[in-house]
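Dear colleague,

Please find below the structure that I am handing over to you.

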Amino acid sequence: MALPEERFPFPGGRSDQAFFADHGERPLTMRGVTEADLPELLRVDREVFPDDPYPYFVLRQHFDVHGDRILVLDDGECLHGYVLFVTTSDGYVCWVLSLAVSPDQRGRGLGRRLMLEVLRQLRRERVHEVRLTVEPANAAAIMLYRSLGFSAEGGVRRDYLGPGEDRLIMTLGTGPGLTPGPSGLRRG
Ligand SMILES: CC(C)(COP(=O)(O)OP(=O)(O)OC[C@H]1O[C@@H](n2cnc3c(N)ncnc32)[C@H](O)[C@@H]1OP(=O)(O)O)[C@@H](O)C(=O)NCCC(=O)NCCS
C-alpha cells in the first residue's frame, strides 16, 4: 500500500514552499510556530473551536514544552490553520491533539497538507502509531483521516473526553508498509 504522502503528493514539491497563491490571495506557507504567533494561534483556535477553545495558558505551555510540534498555515499577515501533535515519552506513539483550518479556507486541501506533513515527520522519526480522537458526527474530519489510512476499530468511546463527550479513536500505523493500526485530536 502506498504511503499517504505518495498518494497525495505536494503539487509544488516541498511542503515549506508557498502554495495557494490563487484568487489574488497572499500565498500560504506551512511552517513551525514561533512565540510571536501565539496571539494569532489563539485567534484561529477560537475561530475554529468556538465552544471549546484552548485557554491561552494551555497554548502557551504547549508551545513551551513542544513548540516544535505545532505547524501553522501563514499568509504573511494571518494564520489560517494549525496542527498540534505530541509523541509519548517512549517515542512509539504520537497523538494529534488538534487540527484546525479556518472556515473560509476549508475544502482546499489544507487539512490534508497539515496531516501529510505530520505523517512525514513521524515516519522519519520512526514513530510506530499515530492516534487521534474525533467527534463521531464530524464527517469531514473522519473522511479526511480515512483518506490518509486511519481506521477506527474500537468504535465510539463513551464520555472519552468527559461527560457527554464521546469520541472515536482513530489510529494509523506508520511502520513499513503503512498498515492501519489495530487499535488524538483533543476536541474532535
Ligand atoms: C476537518 C478539517 C481540518 C478539514 O480541513 P480541510 O482543509 O477543509 O480539509 P481538506 O480540504 O484537506 O479535505 C481533505 C479531505 O477531507 C474530507 N472532507 C473535507 N471536508 C469535507 C466535508 N465538508 N464533507 C466531507 N468530507 C470532507 C474529504 O475526504 C477531503 O478529501 P477530498 O477533497 O479529496 O474529497 C476542517 O474542516 C476543520 O478545521 N474543521 C473544524 C475543526 C475540526 O473538526 N478539526 C478536526 C477535529 S478531529
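What share of the 188 residues in the chain is buried? In this predicted model, buried residues make up 36% of the chain.

**Overall arrangement**

The chain contains five helices and seven strands. Along the sequence these elements follow the pattern α-β-α-α-β-β-β-α-β-α-β-β. The seven strands form an open sheet with mixed pairing, in the order β1-β2-β3-β4-β5-β7-β6. Its edge strands, each of which pairs on one side only, are β1 (29-32) and β6 (156-157). Helix α4 packs on the sheet, where it touches β1, β2, β3, β4 and β5. The direction of α4 makes about 160 degrees with that of β4.

**Helix α4**

Helix α4 covers residues 110-124, which is 15 residues. From its first C-alpha to its last it reaches 21 Å, close to the 21 Å expected at 1.5 Å a residue. The buried residues of α4 are L110, G111, R113, L114, M115, L116, V118, L119 and L122. As background, an α-helix has 3.6 residues a turn, so residues three or four places apart point the same way.

Why can strand β5 be described as largely enclosed by the rest of the structure? Six of the six residues of this strand (residues 129-134) are buried, so β5 is largely enclosed. E129, R131 and T133 point one way from β5, while V130, L132 and V134 point the other way.

Strand β5 pairs with strand β4 (residues 93-101) in the parallel sense over four bridges. Within this pairing, V130 in β5 is the bridge partner of C94. Together, β4, α4 and β5 make a right-handed β-α-β unit. Strand β5 also pairs with strand β7 (residues 167-173), here in the antiparallel sense and over six bridges. In β7, T171 is the bridge partner of R131.

Strand β2 (residues 70-74) and strand β3 (residues 79-87) pair in the antiparallel sense over five bridges. I70 stands opposite L84 in β3.

Which residues touch the most other members of the largest nonpolar core? Of the 42 residues in that core, they are Y82 and V83. The elements that give two or more residues to this core are α2 (38-48), β2, β3, β4, α4, β5 and β7. Apart from its neighbours within four places in sequence, Y82 is in contact with L41, V44, I70, L71, V72, L73 and A100.

Most residues other than glycine have a negative phi. R126 is found in the loop between α4 and β5, and its phi is near 65 degrees, a positive value in a residue other than glycine. R126 counts as exposed because it has 10 C-beta neighbours inside 10 Å. D159 is found in the loop between β6 and β7. Although D159 is not a glycine, it has a positive phi of about 55 degrees. With 10 C-beta neighbours inside 10 Å, D159 likewise counts as exposed.

Yours sincerely

How values were computed. Residues are numbered from 1 along each chain as its sequence is written. This is a predicted model: local features need pLDDT of at least 70, side-chain atom pairs count only at pLDDT 80 or more; totals for chains, interfaces and linings use all residues. The expected span of a helix is 1.5 Å times one less than its number of residues. A residue is buried if 20 or more other C-beta atoms lie within 10 Å of its own, exposed if 12 or fewer, and partly exposed in between; C-beta atoms are placed from the backbone. Two strands pair if DSSP finds at least two bridges between them. A crossover is right-handed if, with the strands pointing away from the viewer, the path from the first strand over the helix to the second runs clockwise. Two residues are in contact if their C-beta atoms, placed from the backbone, lie within 7 Å. Axes are lines fitted to C-alpha atoms, for helices over the stretch in contact, and angles run from 0 to 180 degrees between N-to-C directions. A nonpolar core is a set of buried Ala, Val, Leu, Ile, Met, Phe, Trp, Tyr and Cys residues joined through C-beta atoms within 7 Å.
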